[in-house]
Amino acid sequence: MATAESSKASGSNGISSNATSAGTTYELPWYIYINHPLSKPIKLTQSPHRVEKYRPTYLNDIVGNSETISRLQIIAKDGNMPHMIISGTPGIGKTTSILCLARQLLGPNVYKEAVLELNASDERGIDVVRNRIKGFAQKKVTLPPGRHKIVILDEADSMTSGAQQALRRTMEIYSNSTRFAFACNQANKIIEPLQSRCAILRYARLTDAQVVLRLTQICKAENVQYSDEGIAALVFSAEGDMRQAINNLQSTWAGFGFVGGEEVFRVVDSPHPVKVQSMLKACWEGKVDAALELLQELWGLGYSSHDVVSTMFKVAKTMPGLSEHARLEFVREIGFLHMRILEGLQTLLQLSGGVARLCRINMKEDDFVV
Ligand SMILES: Nc1ncnc2c1ncn2[C@@H]1O[C@H](COP(=O)(O)OP(=O)(O)O)[C@@H](O)[C@H]1O
Ligand SMILES: [Mg+2]
């Protein structure tokens with residue numbers, strides 16, 4: 001059966017267990033994963049696109065959300081999958097988990113016949129629910145004992161509520177032969193009657209360490225030349241979205257032949273955090289002129305105010321050397337600046353005003369007395 005395959009010990013197809021190049025901060029999770037008895041090399045398929053090529057085939061290979069994944073593992077082993085909703089931000093493995101689960105439950109041969117997969121690009125109005133889904137639910141398929149047919153509704157929050165309403169009866173009537181799995185960004189976009197029929201699994205955003213882990217595995221398997229700054233830059237810009245991190249990895253590798261910090265920031269086209277950090281540092285030291293000069297430089301490179309302010313936020317969150325109080329003040333001020341920009345004031349003047357206010361945070365009141 002499919003599950004048996006997933007528990008093979010690590011073999012060798014280019015993914016070595018060298019933990020060092022991931023950067024010292026992330027050593028621990030990397031180490032644990034590599035030594036996990038069930039961890040196995042990433043399966044290479046024929047798809048030319050990295051994101052698809054490295055879509056995990058088995059639940060074991062999915063990184064992060066380990067508690068939820070281990071619940072899915074149990075379901076994969078015991079069968080009797082409940083109706084379920086998996087919710088969470090994009091690119092964290094929701095669709096992948098459902099596909100892996102279905103594959104492990106049914107095995108590759110039955111899968112083709114016993115799984116109906118509909119995503120946002122398919123028509124999913126009431127008619128489809130009435131005809132295609134109902135037709136599938138009524139279909140007779142020979143299944144392994146204790147297994148069910150599975151309907152996968154990906155990006156289900158984009159289904160109209162009419163279509164969701166139409167599913168209610170189908171889910172109930174055919175639940176002894178067909179189970180439903182929904183993936184969505186927000187569980188509350190699924191109508192309540194469906195929610196109450198489902199087990200709701202919420203996926204958390206992936207941590208930086210988890211993204212680093214996967215990226216370095218892929219780099220090694222593909223023989224990609226990379227530096228630690230390059231990986232850090234990918235992680236920084238992806239913010240826990242694995243799909244985006246892998247996409248950017250591929251674009252950088254394809255475009256530059258090397259994955260370094262500079263290269264990644266040129267591909268993702270966002271301001272280099274090191275520059276932004278020196279600007280914020282100047283603010284912290286009360287050096288208004290220096291800070292404004294750095295801002296001018298970023299502006300001159302053509303970044304939009306939105307890019308600048310969101311990088312400022314990301315940098316301020318983790319910038320070393322700031323007191324807790326100062327960090328909160330910085331984030332607050334940047335938050336107001338962001339609001340003004342979203343309201344439409346996307347000018348250098350607004351950014352400069354924001355930077356000036358940041359400079360003020362660490363200045364003594366007396367400096368302002370005339
Ligand atoms: N937890 C994860 N572990 C490993 N790869 C992942 C994970 N999450 C996402 N990916 C990668 O990102 C791609 C998109 O993942 P997907 O499951 O479709 O995301 P979504 O949560 O948006 O449905 C996959 O093909 C895979 O390469
Ligand atoms: Mg998805």
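pLDDT is the predictor's confidence in each residue, from 0 to 100. This is a predicted model, in which local features need pLDDT of at least 70, side-chain atom pairs count only at pLDDT 80 or more, and totals for chains, interfaces and linings use all residues. Residues are numbered from 1 along each chain as its sequence is written, while chains are lettered from A and ligands numbered from 1 in the order in which they are written.

**Confidence**

The average pLDDT of the chain is 84. A score of at least 70 is reached by 86% of the residues. Over residues 1-47, pLDDT stays under 50. The model has 65 contacts beyond four places in sequence for this stretch; a contact means two C-beta atoms, placed from the backbone, within 7 Å. Where pLDDT is low, the predicted coordinates should not be read in detail. Two elements mark the ends of the range:

| Element | Residues | Mean pLDDT |
|---|---|---|
| Helix 2 (lowest) | 27-34 | 27 |
| Strand 1 (highest) | 84-87 | 96 |

**Overall build**

The chain has 17 helices and 5 strands. These are DSSP runs, numbered from the N terminus: helices are H or I with at least four residues, strands are E with at least two. Of the 370 residues, 38% are buried. Buried means 20 or more other C-beta atoms within 10 Å of the residue's own; exposed means 12 or fewer; partly exposed lies in between.

**Cores**

A nonpolar core is a set of buried Ala, Val, Leu, Ile, Met, Phe, Trp, Tyr and Cys residues joined through C-beta atoms within 7 Å. The largest has 64 residues. Leu-101, Ala-102 and Ile-152 are among those with the most contacts inside it. Helix 5 gives the most to this core, 8 residues. Another core, of 24 residues, lies apart from it and includes Leu-294 and Val-355.

**Around ligand 1**

Ligand 1 is surrounded by 21 residues, counted when the C-beta atom, placed from the backbone, lies within 6 Å of it. The closest are Arg-55, Gly-93, Lys-94, Thr-95 and Thr-96. Helix 3 (50-53), helix 5 (94-114) and helix 11 (242-256) each give two or more residues to this shell.

**A loop residue**

Gln-225 sits in the loop between helix 9 (208-222) and helix 10 (228-238). Why is Gln-225 exposed? Because 12 other C-beta atoms lie within 10 Å of Gln-225. Gln-225 touches Phe-258 and Val-259, leaving out residues up to four places away in sequence. Gln-225 and Phe-258 are 33 residues apart in sequence, but 5.2 Å apart in space, C-alpha to C-alpha.
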